[in-house]
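Subject: Structure handover

Hello,

Here is the structure for you to look over. My notes follow below it.

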Amino acid sequence: MANIIDSFINIPRQKEEDFWTPVIIDHIRQLAYDGKPLDILQPDEFSLRILDNIYFKNLSSNIKDNPLADTETDLMGLKLSVPLYLGDMSFGALSGNPNIAIARAADITKTLSGTGEGGLLPEIENYERIYVQWASARFGVDYKTINAGSGIVIKIGQGAKPGIGGHLPASKVTSKISSARRIPENIDAISPAPHHDIYSIEDLSQRIEALKLATGKPVFVKVAATNYIPYIVTGIARSGADGVIIDGQGAGTGATPEVIRDNLGIPIELAVASSHDILVREGLREGFKIIAAGRVTGALDAAKLYALGADVVSMGTAVLISMGCIMVRKCNLGFCPAALTNKTDGTKVYNIDFGVNNIVNFITGFRLELANILDNLGLKSVDELTGKKNLLYAKNISKGAGNILKIDAEHSKHSSNMGNFSPNRKYLNEMITKGDVPITSMGSTTSPDVVKPSRIIDWIRLDGAQVTRPSIDPYRENIDTTFYLAHGKIRMSIPVILDVSSQREDIKESLYWASLFMGNLVIDRKYYKNYKKITIIRDGNLYRIKNLKFGEKSNPGMDGFIIGESDSQEIELSDLDMKLKNVGSRYQYDIMAYISKFKNSGDIIKYLALGADSVILNADIFSDSLANNYTNLNQKALNFLLIIKRELALISGAMGVSNLQYSITGNRELLRAVNMDEELEERINVPEAGSL
């Protein structure tokens, strides 16, 4: 007999730092109970998120039961009671009944919801207030599908996984999902990274025109907030789209590689502000709509985003919390305790009426809270708020962030190491034991605005390719992770060298074996064995090559530099790379960065883009992840290197790069700083996120 979920479950104690704090969750749940806001949710005063450090200049916290301001707006001929879009959550990511509840609640509240890329359930195809998604895999899409609802969303990217396609693990592809998506059961449903008929703005224009001719409906384009977002949005506007959905870093998802979620994309507030400004500058803003998505917690977040330039905000995670989500971050596994993202196998069923009631209450409370904010600002309608940056000011943000936002700001200098470094042992242990890329769900918990940065690279985000530079599918296309050192004398399968000098004998042996298998290098200053390998001998901050046979003398000339670990390591690396380039001798020498503080493979890409030819990983990173379990060491060592290789390919494909060494090394244009101190940005030559 099915277990029916029709009540809230207690929230488990949070063991790690999270963006979705108990205060935020409690506020959302309180609105879901009765739809009556008791107060305006205020941000954490110690938050590093830029949006939390933006304030309205003259906003009181008064709450009235009957606010006067008009929250209604028009979206392409559809009247919305409040400018709110209920995410893009697919059938598959959600378990069916939640999808029905969201669509029904959108009709009741006169808002709008997205179907996501999981096909169209028969139970929701007749609802008016849905936007059907046209994604890269075209799951379940046909002429009937695209003519359902009120509009179409061409999904190019999303904030939780810029530059890669959707991912529904095999365990969740049940018969119902198989039927809706028209795919085989029990096989991973991995969408292509790019649309294979959209490789340019011109291609996008053709798709938009074709969909409009076929349906007569408005067409929006959904993209992740990435480095070139201002240019991408202007291209979308010129392509004939009616609007854009911009999905910022940290946005929720049912499943994504953790390394992608935690490294790619930029904050929604910077993306919206810069996109609005360039559309105004280019004369493209009138009639073109911006929907802002990604970690919108409530009405105050929404109001700030409207003022920065958004017409509508999208809420996904907050809606799920209002429905009973308890943030266990296991959506990808199919065992959701709240029955929102569980497998559709009939063992646990979400009560539709319970969900509809909660969402309707939440939206009612959101609307009342927003109306109170408008009243307190002296505005008569929400449409008066869009783009009114003069109402805003900011504190505790960098000068670079202030320049992107174009609002009054009190700038602060942020130390590069505000927090203590904490390795992600759970991620590392999953790498070595499961032998697969760790998959996660929901929103990001990483630096710089959840976990406090402890290194300069924690303030840096990587680019994600979209339209103007199409992504490359790492599951279906070859991405070359090979690196060469010493003018081609050394070939490595990945730009990673292991320093095993301090390891116990069995661990050392396994890492030697795995490196030999992979075709990679090992440093061992204390121990040599007659492996046919190439070893790099450290000599201060220089290195020389010691070739194949043990005992052979090292080359007398210097081959390059090793940048040791320090608080200024990234600055030293970038400085050396640029100085060698300026004197025309960069390619005579290799530069390597020594790392013992390692979170995931995104660190490697960042060091490469700052100028390294390779990184040297202290093998303590591997041995500490063993958690005192020394069984199957050879397999675990091999998994460690293999998964780094796969993740490097994933990141590269997501950035539209097919060859790491030739496209990433020293390419700072792939990097953006988020709220980093201006002097640091200048030293490492990395621009602020949202820069034109």
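Contact, throughout this email, means heavy atoms within 4.5 Å.

This is a predicted model: local features need pLDDT of at least 70, side-chain atom pairs count only at pLDDT 80 or more, and totals for chains, interfaces and linings use all residues. Residues are numbered from 1 along each chain as its sequence is written, and side-chain values use heavy atoms, with hydrogens and water left out.

Confidence

pLDDT is the predictor's confidence in each residue, from 0 to 100. The chain has a mean pLDDT of 91. Of its residues, 95% reach 70 or more. Residues 527–535 fall below 50, and this stretch has 32 contacts in the model beyond near neighbours in sequence. Residues 546–556 also stay under 50. For them the model has 20 contacts beyond four places in sequence. Where pLDDT is low, the predicted coordinates should not be read in detail.

Cores

Buried means under 20% relative accessible area, exposed over 50%, and partly exposed in between (1.4 Å probe, protein chains only). A nonpolar core is a set of buried Ala, Val, Leu, Ile, Met, Phe, Trp, Tyr and Cys residues joined through side-chain atoms within 4.5 Å. Helices (H or I, at least four residues) and strands (E, at least two) are DSSP runs, numbered from the N terminus.

The largest nonpolar core has 128 residues. Ile154, Leu308 and Phe366 touch the most other members. Helix H11 (residues 352–377) gives the most to this core, with 12 residues. Another core, of 84 residues, lies apart from it; Leu462, Val496, Ala612 and Leu650 are among its members. As for Phe366, its contacts beyond four places in sequence are Leu31, Val82, Leu84, Gly298, Ala299, Ala302, Tyr306, Val313 and Met315.

Helix H6

H6 (residues 229–238) is mostly covered, with 8 of its 10 residues buried. These are Ile229, Pro230, Ile232, Val233, Thr234, Gly235, Ile236 and Ala237. The cover includes helix H5 (201–215), strand E11 (219–224), strand E12 (243–247) and helix H8 (268–281). Gly240 follows H6 and has a positive phi, near 95°.

Two strands pair if DSSP finds at least two bridges between them. A crossover is right-handed if, with the strands pointing away from the viewer, the path from the first strand over the helix to the second runs clockwise.

In E28 (residues 590–595), 6 of 6 residues are buried. Asp590, Met592 and Tyr594 point one way; Ile591, Ala593 and Ile595 point the other way. E28 pairs in the parallel sense with strand E27 (residues 560–563), over 4 bridges. Here Gly560 stands opposite Asp590. E27, helix H15 (residues 569–582) and E28 make a right-handed β-α-β unit.

E28 also pairs in the parallel sense with strand E29 (residues 614–618), over 4 bridges. Tyr594 has Ile616 as its bridge partner in E29. The chain goes from E28 through helix H16 (residues 601–609) to E29, in a right-handed β-α-β crossover.

Asp301 is in helix H9 (residues 299–308). Asp301 is buried, at 4% relative accessible area. Its side chain makes a polar contact (a pair of N or O atoms within 3.5 Å; within protein, one must be able to donate a hydrogen and the other to accept it, and residues adjacent in sequence count only if both atoms are side-chain atoms). The partner is the side chain of Thr297, at 2.7 Å. Beyond four places in sequence, Asp301 touches Arg49, Leu51, Asp52, Arg295 and Val296.

Glu681 is in helix H20 (residues 678–684). Glu681 counts as buried, at 9% relative accessibility. Its contacts beyond four places in sequence are Gly400, Ala673, Met676, Val686 and Glu688.

Backbone points to check

Ser447 and Pro448 are joined by a cis peptide bond, with omega about 5°. Pro448 is in the loop between strand E19 (439–440) and strand E20 (460–462).

Arg182 is not a glycine, yet has a positive phi of about 60°. Arg182 sits in the loop between helix H4 (175–181) and strand E10 (189–190). Arg182 is exposed, at 51% relative accessible area. Arg329 also has a positive phi of about 60° and is not a glycine. Arg329 lies in the loop between helix H10 (317–323) and strand E16 (348–350). Arg329 counts as buried, at 16%.

Best wishes
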